[in-house]
Amino acid sequence: VTDGQASVGGTVNAAGGDVSINAATISLTGTLVADSAQLEASGPGGITQGPGALTVGNLSLSSQGGATLASSGNAINSLGASTVAGNLALASSTSLSQTGELIVGGTANFNVSGGDLVLTHAKNDFTGAVSVSATGKVAVNAVGDLDMAAASTGGSLSLVSGGVLNLNNLDISLGNHDMSLASNGGALAVTGALSGANVSLTGRD
């Protein structure tokens with residue numbers, strides 16, 4: 001689908017196939033099912049989602065604005081190479097991983113209600129604060145600074161920054177799960193309470 005403004009409602013079932021939507025702004029208000037989907041918004045309105053759900057094996061995003069795909073009914077297995085100039089909000093009821101780098105120019109919020117959140121591509125780049133929540137484990141890597149606004153996990157936690165890892169006074173308690181925090185480009189300042197089965201802290205300085 002290619003259009004100035006794309007509004008997708010009702011049900012689009014492309015199970016076993018691919019979907020590509022290219023428009024100035026993209027509004028999803030229905031159900032979209034596909035093995036892979038590419039959403040490209042060239043205008044500042046970006047990509048938004050109303051009622052409905054995405055069931056996608058691999059999702060790639062390109063947005064000159066933000067991208068809000070936060071429906072609790074979403075089932076997104078993986079992210080392909082994606083660039084979002086503004087804020088990103090993404091929810092999935094299944095484990096979410098990635099097959100390509102993720103570049104976000106604003107804040108990034110991830111909510112996985114049914115599994116693990118694994119975003120460990122070496123070229124991930126987050127300009128704004130990052131919030132993560134998952135019922136399983138959480139692992140996030142960034143090529144540069146990683147500024148954490150929130151971290152909630154039902155499993156282990158791994159945060160690796162090629163720049164400075166900023167925990168912003170977060171208190172993180174993992175019970176009998178492991179925690180690994182690495183600030184490979186600068187000092188790791190811990191001002192909140194951290195606890196877990198095994199806690200590993202790494203800082204360059």
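**Exercise 1.** Determine the strand order of the open five-stranded sheet in this predicted model, and identify its edge strands.

*Solution.* The open sheet consists of five strands in the order β12-β15-β17-β20-β22, and their pairing is parallel. The edge strands, each of which pairs on one side only, are β12 (117–119) and β22 (199–203). From one strand to the next, the twist averages 5°.

**Exercise 2.** Describe how β17 and β20 pair, and name the bridge partner of L157.

*Solution.* Strand β17 covers residues 157–161, and strand β20 covers residues 179–183. Five bridges join these two strands in the parallel sense. For L157, the bridge partner in β20 is M179.

**Exercise 3.** Locate N176, and decide whether N176 is buried or exposed.

*Solution.* N176 belongs to the loop that lies between β19 (172–173) and β20. Its relative accessibility is 64%, and the cut-off for exposed is over 50%; therefore N176 counts as exposed. In sequence, N176 and G196 are 20 residues apart, while their C-alpha atoms are 5.7 Å apart in space.

**Exercise 4.** State which residues have the most contacts inside the largest nonpolar core, and list the contacts of F110.

*Solution.* The largest nonpolar core contains 53 residues, and L59, F110 and F126 have the most contacts inside it. With neighbours within four places in sequence left aside, F110 is in contact with L88, L90, L102, L117, L119, F126, V130, S131, V132 and S133. In soluble globular proteins, nonpolar side chains tend to be buried together.

How values were computed. Residues are numbered from 1 along each chain as its sequence is written. This is a predicted model: local features need pLDDT of at least 70, side-chain atom pairs count only at pLDDT 80 or more; totals for chains, interfaces and linings use all residues. Side-chain values use heavy atoms; hydrogens and water are left out. Two strands pair if DSSP finds at least two bridges between them. Helices (H or I, at least four residues) and strands (E, at least two) are DSSP runs, numbered from the N terminus. Axes are lines fitted to C-alpha atoms, for helices over the stretch in contact, and angles run from 0 to 180 degrees between N-to-C directions. Buried means under 20% relative accessible area, exposed over 50%, partly exposed in between (1.4 Å probe, protein chains only). A nonpolar core is a set of buried Ala, Val, Leu, Ile, Met, Phe, Trp, Tyr and Cys residues joined through side-chain atoms within 4.5 Å. Contact means heavy atoms within 4.5 Å.
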